[in-house]
Amino acid sequence: MRGRSTSSEEPAPFDIRVFGDPVLRSRAANVENVDGALVAVVDDMLATMYAEPGLGLAAPQVGISKRLFVYDLGDGPNAIVNPVISESRGEWTYEEGCLSVPGLHWEIIRPKEVHLTGFDLDGNEVSIEADELEARLFQHELDHLEGRLLIDHLEGDIRKAAMRTVREQFLGLL
Ligand code: ZN
């Protein structure tokens with residue numbers, strides 16, 4: 001998910017895939033092994049996220065179709081492997097942006113609270129009760145693992161206008 005501050009000077013190790021890249025529309029596969037290679041990928045994903053800057057980044061956004069995302073909401077870097085949202089409650093409206101649809105953002109309604117489970121880079125199970133921005137970030141990143149993008153949450157005329165904009169901007173179609 002996109003952040004609001006300015007980008008850092010460090011170059012990003014990965015190029016971020018943008019709307020139109022098929023990897024963003026694929027369902028990502030489970031991570032089978034948490035090993036040194038995965039940790040190296042996570043380090044490069046975090047450096048890419050900080051360079052943009054983003055609050056979160058899912059593996060498909062750097063062309064890796066695996067169930068993994070990184071994030072930092074101000075408490076330092078985190079990575080979650082094979083995440084699952086087991087419960088969600090309430091409703092919260094937030095203007096959401098995405099590094100894969102840069103420069104655009106839409107007000108989107110989603111559950112306000114979620115319970116997320118998954119694994120950390122030591123292979124330990126994690127269980128997080130999240131609300132508001134953290135819950136929003138988890139839902140946004142899990143969407144990426146299912147091949148869903150922001151625009152899929154829009155309806156009616158707003159969706160039509162958004163589709164027109166992204167097709168013009170990212171596919172060069174008029
Ligand atoms: Zn995104």
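This is a predicted model: local features need pLDDT of at least 70, side-chain atom pairs count only at pLDDT 80 or more; totals for chains, interfaces and linings use all residues.
**Overall form**

The protein contains three helices and seven strands. Along the sequence these elements follow the pattern α-β-β-β-β-β-β-β-α-α. The radius of gyration is 16 Å, in agreement with the value near 16 Å for a compact globule of 174 residues. Taken along the principal axes, the C-alpha atoms fill a box of roughly 45 × 40 × 30 Å. Buried residues make up 26% of the 174. Of the contacts between residues at least 6 apart in sequence, 67% join residues at least 24 apart.

**The sheet**

Five strands make up an open, antiparallel sheet in the order β1-β2-β3-β6-β7. Its edges are β1 (56-58) and β7 (125-131), each of which pairs on one side only. On average, neighbouring strands are turned by 40 degrees against each other, direction ignored.

**The nonpolar core**

The largest nonpolar core comprises 29 residues. Met-45, Leu-57, Ala-59, Phe-69, Val-70, Ala-79 and Phe-138 have the most contacts inside this core.

| Element | Residues |
|---|---|
| α1 | 36-51 |
| β1 | 56-58 |
| β3 | 78-89 |
| β6 | 113-119 |
| α2 | 132-145 |

Among these elements, α2 gives the most to the core, with five residues. Leaving aside residues up to four places away in sequence, Phe-69 touches Gly-56, Leu-57, Ala-58, Ala-59, Ile-80, Pro-83 and Glu-141. Glu-141, one of these partners, is itself a buried residue of α2.

**Helix α2**

Helix α2 spans residues 132-145, 14 residues in total. From its first C-alpha to its last it reaches 20 Å, close to the 20 Å expected at 1.5 Å a residue. Because 10 of its 14 residues are buried, α2 is largely enclosed by the rest of the structure. The buried set includes the nonpolar residues Ala-135, Leu-137, Phe-138, Leu-142 and Leu-145. Arg-136, Gln-139, His-140, Glu-141 and His-144 are also buried. Just after the helix, Gly-147 adopts a positive phi of about 80 degrees.

Technical notes: Residues are numbered from 1 along each chain as its sequence is written. Helices (H or I, at least four residues) and strands (E, at least two) are DSSP runs, numbered from the N terminus. The expected span of a helix is 1.5 Å times one less than its number of residues. A residue is buried if 20 or more other C-beta atoms lie within 10 Å of its own, exposed if 12 or fewer, and partly exposed in between; C-beta atoms are placed from the backbone. Two strands pair if DSSP finds at least two bridges between them. Axes are lines fitted to C-alpha atoms, for helices over the stretch in contact, and angles run from 0 to 180 degrees between N-to-C directions. A nonpolar core is a set of buried Ala, Val, Leu, Ile, Met, Phe, Trp, Tyr and Cys residues joined through C-beta atoms within 7 Å. Two residues are in contact if their C-beta atoms, placed from the backbone, lie within 7 Å. The radius of gyration is taken over C-alpha atoms; the globule rule is 2.2 Å times the number of residues to the power 0.38.
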